[in-house]
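Trainee: Could you take a close look at the strands with me? I'd like to know how they pair up, piece by piece.

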Amino acid sequence: MERKNNITTLLFLLVALFFVGCKSTKTVQHSEMPTGITLAEIEAMPAVKGALPGYSAKMKLTLASPGKTFSSQGTLRLKDGEGVQMGITPLGLFEVARVEFSPLYVLIMNRLKKEYSLVHYRNVALLEQLGLNYTLLESVLQNRVNLPAGVPVEKALAAMDITLVGDTLCLTNKAGGITYDYYIAKSSGLLVKSVGKHGNGT
């Protein structure tokens with residue numbers, strides 16, 4: 001039982017690595033499109049249009065806990081709609097641990113001790129309560145707006161509140177008790193910031 005709790009705690013910490021930028025923000029409701037831009041133009045922006053089919057990259061992980069900080073090099077591989085794989089390679093020499101996120105579960109492997117644990121998202125109530133799921137994680141790693149599954153892009157955009165401040169578009173969407181604000185540079189169409197605020201203030 002203790003091992004399962006440790007694995008669950010590790011899962012929360014790993015998810016937190018990707019959402020450290022989340023903070024509270026005030027949401028202003030608007031009912032009209034900003035002048036000088038159309039839904040079709042927004043739909044064509046890289047932050048909305050879609051993502052790369054996949055990529056691989058080197059990364060640096062930093063995990064802070066009371067009294068100590070752990071840093072390590074690692075690798076990141078992503079295949080759109082299928083999975084995210086993170087390998088932890090201290091000093092870049094060999095992989096000591098791996099975390100694989102799939103649309104249904106997360107697999108955590110300790111390569112040194114040849115141990116692994118598999119956790120289904122549905123078994124972690126906190127993730128569901130906070131609206132944290134695989135599609136949201138993937139959208140963060142793909143640097144794109146997280147749109148509702150099965151909903152045409154134009155319809156999903158039409159349901160959002162869209163404001164324009166200078167060169168930055170703000171798309172506001174509500175889902176699962178969370179208000180999401182996506183900030184897109186109008187000139188490049190790239191996502192520059194994402195903010196999520198849960199109804200409980202988180």
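Mentor: Let's start with terms: two strands count as paired if DSSP finds at least two bridges between them. Strands (E, at least two residues) and helices (H or I, at least four) are DSSP runs, numbered from the N terminus. This is a predicted model, where local features need pLDDT of at least 70, side-chain atom pairs count only at pLDDT 80 or more, and totals for chains, interfaces and linings use all residues. Residues are numbered from 1 along each chain as its sequence is written, and side-chain values use heavy atoms, leaving out hydrogens and water.

Now, the hairpins. N173 sits opposite Y180 in β9, and β8 is joined to β9 (residues 178-185) by eight antiparallel bridges. Two residues separate β8 from β9, and G176 in that turn has a positive phi of about 55°. On to β7 (residues 161-165): five bridges pair it with β8 (residues 168-175), again antiparallel. L164 has L169 in β8 as its bridge partner. The β7-β8 hairpin also has two residues between its strands, with G166 at a positive phi near 65°.

Then there's the open sheet: six strands, antiparallel, ordered β1-β2-β3-β4-β5-β6. β1 (54-65) and β6 (115-120) are the edges; each has a single partner strand, so one side of each lacks a neighbour in the sheet. Strand to strand, the twist averages 20°, with axes fitted as lines to C-alpha atoms (for helices, over the stretch in contact) and angles running from 0 to 180 degrees between N-to-C directions. β1 and β2 (residues 68-79) share 12 bridges, and A64 faces T69 in β2.
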